[in-house]
Amino acid sequence: MGRPNLFSFATSELSQDAFLCWLAALADHDDADLQQLGQSFIAWLWQQARGASVEPNRVRLLRSPERQVDHVDILFEAEIAGTRALFLIEDKTETSHHSGQLERYLKAVSHAEVVPVYFKTGYHFGTDTAATAAGYTVVGLDEWVAFLKAQTARSDIFDDYSTYVAGLHAKRSEALSVLLTPEGYKRFDEDFVQYEFMRRVANSCSSFIGRRSTYRGRSLGGKPWTQHLFAEFEHALPTRLKESLFYRLDRRTGGWYLAIRQYAKVQAADAARAVKLARLAEYRRQFDCVLSIIEGRPVFKQPSTDRQGKNESEVAVLFFDDATNTTSRVLEALPRIHEAFLSAIRASRG
């Protein structure tokens, strides 16, 4: 069995908080090698945030790391080449920031030089990368693993943690590396693989009407889904209701699928529901016309029936497989289909 790894059991954000605090606190350690390790960590954070490198021996810890001060995950103060700085770390593993918490944390601290760091070892979704808009430097697993590998000082705690996150990195890299292989769709049960595929859809199908955004969630059963909004029409339906079109990546009885869906909240509005149904029929006709002129396209199935005018209706759907509708083939053909479909919608609306 070998020596068990502490961090294969201590996998929570609180455990990672503790490790980061321990690592920063080493900057004041009696052992020279461990002290340099802690100083190197703080110097690395400074370089990530400020873009300026500094020698570890020019780092001095002034205030020991603290956890959960005014709900801030980690706070500590250090002198960096003569500059006193307060490091504020928002630490994440798999969750993302929410409800304006990043802005609140910055307002809660008072210091001439604050270094806010959004530190996440899990996959970075759009919400995570947007932490830069709140003034935070975003640090991810790629650069973190590179830093850990470059260190020469050793301790059981450090070695266990380094091995643990290197394993996380390897598993994620492996999952993403098979995305465009014939069986890549079988990894869609991992939310970050779904998101990466939809990110590629969004980048290659760059035209949009009104607004575009990529978002994700989980079903009542806990299964991940991902959506990308590519068309939004304000006051498009009676009673000034909004209508939108989006891609949906999800799983149902037939397997993993990519659908185009129409949405408008019409179930309590009879007039709007009738117009939405008419629009749905027109979208399906336009999409079928587009498919008739696209060569080498994926095979689409009959969309789910909607005769009542639901809030959410299916315009088109394809199911992934490892022969005809592979992830790579879908990504190759979809931009042509997407552009032609949007052109047809624009033409029909004048």
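Predicted model: local features only at pLDDT ≥ 70, side-chain atom pairs only at ≥ 80, totals over all residues.
# Briefing on helix packing, loops and cysteines

Leaving aside its neighbours within four places in sequence, glutamine 39 is in contact with Ala27, Pro56, Asn57 and Val59. This residue belongs to helix α2, and at 9% relative accessibility glutamine 39 counts as buried.

**Helix α2 and its partners**

- Helix α1 and helix α2, the latter spanning residues 32-50, have axes that come within 6 Å and cross at roughly 110 degrees, which makes α1 roughly perpendicular to α2.
- On the α1 side this contact is made by Leu20, Leu23 and Ala24, and on the α2 side by Leu37, Gly38, Phe41 and Ile42.
- Sorted by class, the residues joining α1 to α2 comprise six nonpolar, one polar and no charged.
- Helix α2 also meets helix α5 (residues 141-150), where the two axes come within 11 Å and cross at roughly 145 degrees, and the crossing in which α2 passes α5 is right-handed.
- Ser40, Phe41, Trp44 and Gln48 are the α2 residues in that contact, and Glu143, Trp144 and Phe147 are those of α5.
- The contact of α2 with α5 divides into four nonpolar residues, two polar and one charged.
- Phe41 of α2 is listed in the contact with α1 and again in the contact with α5.

**Helix α1 against helix α6**

- Helix α1 (residues 13-25) and helix α6 (residues 156-177) have axes that come within 11 Å and cross at roughly 130 degrees, and α1 and α6 are therefore oblique to each other.
- The crossing in which α1 passes α6 is left-handed.
- From α1, the residues Gln16, Phe19, Trp22 and Leu23 meet Ile157, Phe158 and Tyr161 of α6.
- Six of the residues in the contact of α1 with α6 are nonpolar, one is polar and none is charged.
- Leu23 of α1 takes part in this contact with α6 and is also among the α1 residues that meet α2.

- Not counting residues up to four places away in sequence, threonine 93 touches Thr11, Ser12, Glu13, Gln16, Lys120, Thr121 and Gly122.
- One of these residues, Gln16, is also an α1 residue in the contact with α6.

- Most residues other than glycine have a negative phi, which is the background for the next two cases.
- Histidine 71, although not a glycine, has a positive phi of about 75 degrees; histidine 71 is placed in the loop between β1 (59-69) and β2 (72-80), and with a relative accessible area of 58% histidine 71 is exposed.
- Threonine 239, likewise not a glycine, has a positive phi of about 65 degrees; the loop that holds threonine 239 runs between β7 (224-237) and β8 (241-252), and threonine 239 is exposed, its relative accessible area being 60%.

**Alanine 278 in helix α8**

- Alanine 278 is a residue of helix α8 (residues 270-293), and at 48% relative accessibility alanine 278 counts as partly exposed, because exposed requires a value over 50%.
- Between the C-alpha atoms of alanine 278 and serine 207, which are 71 residues apart along the chain, the separation is 24 Å.

**Cysteines without a disulfide**

- How many disulfides does a search of the whole structure find? The search finds zero.
- The sulfur of cysteine 205 has its closest cysteine sulfur in cysteine 289, 19 Å away, which is too far for a bond, since a disulfide needs a pair of cysteine sulfur atoms within 2.5 Å.
- Cysteine 289 is accordingly in no disulfide, the nearest cysteine sulfur being that of cysteine 205 at 19 Å.
- Is cysteine 205 buried or exposed? At 1% relative accessibility cysteine 205 counts as buried, whereas cysteine 289 is partly exposed, with a relative accessible area of 40%.

Technical notes
Residues numbered from 1 in each chain as written. Heavy atoms only, no water. Buried < 20%, exposed > 50% of the residue type's maximum accessible area, 1.4 Å probe, protein only. Axes fitted to C-alpha atoms, helices over the stretch in contact; angles between N-to-C directions. Helix = DSSP H or I, 4+ residues; strand = E, 2+ residues; numbered from the N terminus. Parallel < 35°, antiparallel > 145°, perpendicular 65-115°, else oblique. Left-handed = near helix turned anticlockwise from the far one by under 90°. Contact = heavy atoms within 4.5 Å. Nonpolar A, V, L, I, M, F, W, Y, C, P; charged D, E, K, R; others polar.
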